Amino acid sequence: MKANRIKGNQMKVNHKKKKLASALALGLGTAALACGCGNSAKDSGKGMKMLMTISQMDTFRLTLAGGAQQAAADAGIQLEVLDAENVIENQVDQIQKAAADGYDAVLCGAIDVDTAVELKASAGDMPIVFVNSCPDDKNLEKDAYMYVGSDDAMAGEFQAQFVLDKLSSQNEINVVLIKGPNGHSATGGRTKGVKKTFAASGKTINYVFEDHADWSTEKAEAMFEVFLRTGREVDCVICNNDSMALGVVEACKKAGRDPGSLLILGVDATADGCEAIKNGEMAFTVYQPGPGQGQAAVEAAAALASGASAKEMEGISEDGKYVWVPFEEVDSSNVSKYMK
């Protein structure tokens with residue numbers, strides 16, 4: 001029965017491979033420019049086979065996968081990228097199949113970080129480099145199970161500080177906070193960063209609306225349409241990603257309100273997000289270097305798979321469990337730098 005389930009799930013995933021391959025091919029040029037691609041995996045990774053399993057492909061994760069594909073190609077590594085379609089069983093089966101087929105390492109954007117123990121068991125002897133969603137620290141291990149990403153708390157701190165700087169003359173600020181999926185590490189980190197920075201400001205911060213829109217433009221748009229009908233005052237709308245911020249922009253337009261009349265903030269510096277900043281519809285975003293994260297993940301995986309250590313990598317944490325790729329602040333003054 002299990003073998004049939006694996007085969008069926010793999011056929012479903014393979015159906016999407018052509019679309020993924022085409023999209024990734026389009027992103028490789030951008031990834032090459034953005035990540036620098038001078039990676040040390042070239043020295044140790046040639047001939048390796050790796051699996052990258054993504055929870056569910058979206059705009060940001062496409063840049064992450066593109067950066068990994070570029071770094072792997074440069075290093076002579078065979079990298080298979082699969083979309084688990086937000087189905088945990090798919091992801092487990094993908095990893096089990098890679099282990100059975102003799103792959104050397106896994107890059108894993110976990111659908112649910114609470115499944116980290118099961119994912120590790122599915123990988124057998126293969127090291128796992130987690131990306132995009134960070135498991136609990138207890139499930140990470142130096143040079144075996146690592147996380148490569150950007151410190152999400154910093155993104156939230158950047159957002160809150162931008163608002164404080166722009167509204168420095170106000171002693172009271174009304175905030176709408178639209179969050180990603182409940183339980184996602186990025187949701188928690190970015191939200192904590194926002195609230196910690198506001199709490200330290202000495203100002204009165206009123207969270208007039210707060211809810212999860214699960215990274216969705218449509219959900220965020222619907223939520224903010226309802227909020228606008230309440231007539232409550234709002235100074236800024238802080239979103240955990242650009243897709244949700246763009247939903248807020250659309251809700252404003254539908255309600256006949258100029259989105260530039262309030263501060264709308266996102267994270268990721270997607271192409272659409274940057275365009276909205278250029279047009280004065282969004283105020284701020286935070287560039288999450290997906291291509292750089294993808295490159296660093298391949299570099300770490302190559303080191304681990306070869307039996308070496310990732311301790312010399314740029315951005316490595318003191319405990320050796322994390323590789324941090326810095327966020328960057330983006331507003332109207334520098335947005336052109338991030339537009340492709």
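Two rings of Phe, Tyr or Trp count as an aromatic pair if their centres lie within 6.5 Å, with the six-membered ring used for Trp. By this rule, the predicted model holds 6 aromatic pairs.

One of them joins Phe 224 and Phe 227, whose ring centres lie 5.5 Å apart. Phe 224 and Phe 227 are both buried.

A further pair is made by Tyr 287 and Tyr 338, with 5.2 Å between the ring centres. Their planes stand at 45°, so the pair is tilted. This pair links distant parts of the chain, since its members are 51 residues apart. Tyr 287 lies in strand S10 (residues 285-287), while Tyr 338 lies in the segment after strand S12 (328-330). Tyr 287 has a relative accessible area of 11% and is therefore buried. The value for Tyr 338 is 7%, so Tyr 338 is buried too.

Aromatic residues also form a group: Tyr 147, Tyr 322 and Trp 324 make up one aromatic cluster.

The charged end of Lys 120 sits over the ring of Tyr 145, at 4.7 Å from the ring centre. Likewise, Lys 195 has its charged end over the ring of Tyr 207, and here the distance to the centre is 5.1 Å.

With a relative accessible area of 11%, Asn 174 is buried, because buried means under 20%. Leaving aside residues up to four places away in sequence, Asn 174 touches Asn 206 and Val 208, and also Glu 233, Val 234, Asp 235 and Cys 236.

These details belong to a chain of 340 residues, 54% of which are buried. The chain contains 12 helices and 12 strands. Of the contacts between residues at least 6 apart in sequence, 74% join residues at least 24 apart. The accessible surface of the chain is about 14,700 Å², and carbon and sulfur atoms account for 48% of that surface.

How values were computed
Residues numbered from 1 in each chain as written. Predicted model: local features only at pLDDT ≥ 70, side-chain atom pairs only at ≥ 80, totals over all residues. Heavy atoms only, no water. Buried < 20%, exposed > 50% of the residue type's maximum accessible area, 1.4 Å probe, protein only. Contact = heavy atoms within 4.5 Å. Phe/Tyr/Trp six-rings, centres within 6.5 Å; stacked < 30°, edge-to-face > 60°. Helix = DSSP H or I, 4+ residues; strand = E, 2+ residues; numbered from the N terminus. Lys NZ or Arg CZ within 6 Å of the ring centre and 35° of its normal. Areas by Shrake-Rupley, 256 points an atom, 1.4 Å probe, with all protein chains shown as cover.
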